[in-house]
Amino acid sequence: MSSKSLFDKVWERHLVRAQTPEQPGVLYIDRHLVHEVTSPQAFSMLREKDLKLRCPERTFATMDHSIPTIPFVDGKPVYASEETGAQVSTLQQNCADFDIELHGWDSPNRGVIHVMAPELGLTLPGMTIVCGDSHTATHGAFGALAFGIGTTEVAHVFATQCLLQAKPKALRVTIDGRLNDGITAKDMALAVIAALGAAGGTGYVIEYAGEAVRGLSMEGRMTLCNMSIEAGARAGMIAPDDITFNWLKGRTHAPEGQAWDDAIADWKTLCSDEAAVFDKEISLRGQHIAPMITYGPSPDQAMAVDSITPNPAGDVEADGLEYMQFTAGRPVMGEKVDVVFIGSCTNGRLSDLWDVADVLKGRKIHERVRMLIVPGSEQVRRNAESEGLHDIFTAAGAEWRLPGCSMCIAMNGDMAQPGELVVSTSNRNFKGRQGKGARTVLASPATAAACAVWGEVADPRPFRETPHVA
Amino acid sequence: MSLEKITQFTSKTMVLEAENIDTDQIIPARFLTTTVREGLGKLAFYDWRYNEAGLPVNSDPFAGKDSGIHQILVGGDNFGCGSSREHAPWALVDFGFRAVISTKVADIFKNNALKNGLLPIEVEPKVHAELLAAPGVELTIDLERREIIRPDHWRQSFEVDPFGRQCLLDGIDPLGFLQSCETDIEKFEARQT
């Protein structure tokens, strides 16, 4: 038997029909996650063809992209526009019509879909998971094959529970050694994207391996896999291990009793064989990774926070620096910050909020800065509040919001003004992503919190070395 | 949605040289509040074309480019990266584009484009450089032969997903193909339980 990668194993388990030179494979989908923005047209396609939803029991929905994160008024959400409200009511109607479990306003589990689904145990090792959202790669942290699809493909999965897929190539990213104290999964993700380039992973599924990856918590692994698409890869995967199993045990949709034991035995086989062959490999040293920030409007334009911007390699980088109003050969540290955003499917989990609280405890954010802290889900919100984190945040002068995608995609009214500099824990710094003309620097929660305190782009490391002000 | 057959067509190119043109540039997220897929052409590259007041900017690369004449978009490397929004090809098709050419087209955008009759065409860097340097050149795209041809008989082959190509040549809806796999899907499901 030939050696196989983790990706090969999950892929082969789901082939309804094998790939031929003329036709892609037919891949069975275990979980289909649905949200309000990329689904309405797919439901319309079903209705136009008078088709049923094949497997409602494999389909789960929530709303996250366009919903308000400000408190309800008179017990009701206040939408940024009529359209966003209509989008949510369309989802509610579609889920009712097609018998889909919707985690709506009244659900104690509602949240950003890539935060919510793992919390519910909907994401399990070895599964195929899709969603009309490019950050579906997040679920690969559990050893699932998870990737984003377009709306027509959403309709395909609705109707057949399958997708036509040509098999991508395999890319292994190995991060050896240990991380230095205070370095997070977000810093690893940005370092990997900088190394690969924005298209370095196009056509590939990434497997993240190595000691520094194995040492990450599940939250950290989700952060790392989440940003695979920023290097062009549709999916990122990490082989499941005891950290994975311990995290999953007891969750709502996780197997129980004998089924759990059987599942563990099976999941333990989900790793790349020693002699597995990858089409491409890169490796990084964990100890060389510093707190990272981006300096241009592409996620691969990332560097150590205390570094200087490179001399532009071409027109693209020159244009990027101009947009960011940064100068070549100069530090970004010290640039005045207007807005800090903590949240998103990349960094909206409880451990991210701990990192922020570590910096903010006993401190105030700079008077110039507006800081939004948006939990990734209702579960995250409840847990944070039970630990009193929200009190630390509000005492520091930050806004503590309801769960949602918020300023990551700036569809819900949470946005920056033209020219404002935003330090954001989200995944994209594209021009205008957080508001027309807004300038985005991507960073970890700890770095973003340090920036909020200083009112400037700042290194988070000194905060770890200074005791909290009482 | 049945697909219109495409075998070949001729049009002028429009060039957007920037690399890594992401789908947020093609259609900004604030326009994704729609629940339909029609009429998005007017929002294509909106922030490249209009200022905060909604007035056209001087640098509008689309000014004077009649979409009926310029149906081929030549973009910089790594076209269509970022978000999976199918609104991006919907907007480009509604604007009047029928093909995008780059050295590399991002995976999800490529899949989405093919399903909407927008040809994602990948060419060698040398060919790409020639096309970037000649905005407005007339090209014939021959999907059957996988060739782009200039009036002076310069011709180059291109890469395109084989199955997507066949669907467009024959006007096959991929969903219909998936539905024809029903027996295999049922067998697969029976094996799982």
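Me: Helices are DSSP runs of H or I of at least four residues and strands are E runs of at least two, numbered from the N terminus. With that settled, where does B:H128 lie?

Reply: In this predicted model, where local features need pLDDT of at least 70, side-chain atom pairs count only at pLDDT 80 or more and totals for chains, interfaces and linings use all residues, B:H128 belongs to helix α5 of chain B, residues 125–132. Residues are numbered from 1 along each chain as written, chains are lettered from A and ligands numbered from 1 in order of writing, and side-chain values use heavy atoms without hydrogens or water.

Me: Is B:H128 buried or exposed?

Reply: B:H128 has 4% relative accessibility and therefore counts as buried (under 20% relative accessible area; exposed is over 50%, partly exposed in between, with a 1.4 Å probe and protein chains only).

Me: Which residues does B:H128 touch, not counting those up to four places away in sequence?

Reply: The residues that B:H128 touches (contact means heavy atoms within 4.5 Å) are B:V74, B:G75, B:G76, B:D77, B:I101, B:S102, B:T103 and B:V123, with residues up to four places away in sequence left out. With B:G76, 52 residues away along the chain, the C-alpha separation is 8.4 Å.

Me: Now chain A. Where is A:Q41, and what does its side chain reach?

Reply: A:Q41 is part of helix α2 of chain A, residues 40–48. The A:Q41 side chain reaches the backbone oxygen of B:V36 at 2.9 Å, a polar contact (an N or O pair within 3.5 Å; within protein, one atom must be able to donate a hydrogen and the other to accept it, and residues adjacent in sequence count only if both atoms are side-chain atoms).

Me: Which residues does A:Q41 touch, with those up to four places away in sequence set aside?

Reply: Apart from residues up to four places away in sequence, A:Q41 touches A:T151 in chain A, and B:T34, B:T35, B:V36, B:R37, B:H87 and B:W90 in chain B. A:Q41 is buried, at a relative accessible area of 1%.

Me: Next, A:S377. Where is it found?

Reply: A:S377 sits in the loop of chain A between β16 (370–373) and α14. Its relative accessibility is 0%, so A:S377 counts as buried.

Me: And which residues is A:S377 in contact with, leaving aside neighbours within four places?

Reply: Once neighbours within four places in sequence are left aside, A:S377 contacts A:R110, A:G111, A:V115, A:E119 and A:P403. At the start of α14(A), a side-chain oxygen of A:S377 also comes to within 3.3 Å of the backbone nitrogen of A:Q379.

Me: Which residues of α14(A) are buried, and what do they pack against?

Reply: In α14(A), residues 378–386, the buried ones are A:E378, A:Q379, A:V380 and A:A384. These buried residues pack against α4 (113–119), α13, α15 (389–396) and β17 (399–400) of chain A. Just after α14(A), A:G388 has a positive phi of about 80 degrees.

Me: Last topic, backbone angles. What is the phi of A:D74, and of A:D99?

Reply: A:D74, although not a glycine, has a positive phi of about 50 degrees. A:D99, also not a glycine, has a positive phi of about 65 degrees.

Me: Where do A:D74 and A:D99 lie?

Reply: A:D74 is in the loop between β4 (59–62) and α3 (82–98) of chain A, and at 77% relative accessibility it counts as exposed. A:D99 is in the loop between α3 and β5 (101–103) of chain A, and its relative accessibility of 60% makes A:D99 count as exposed.
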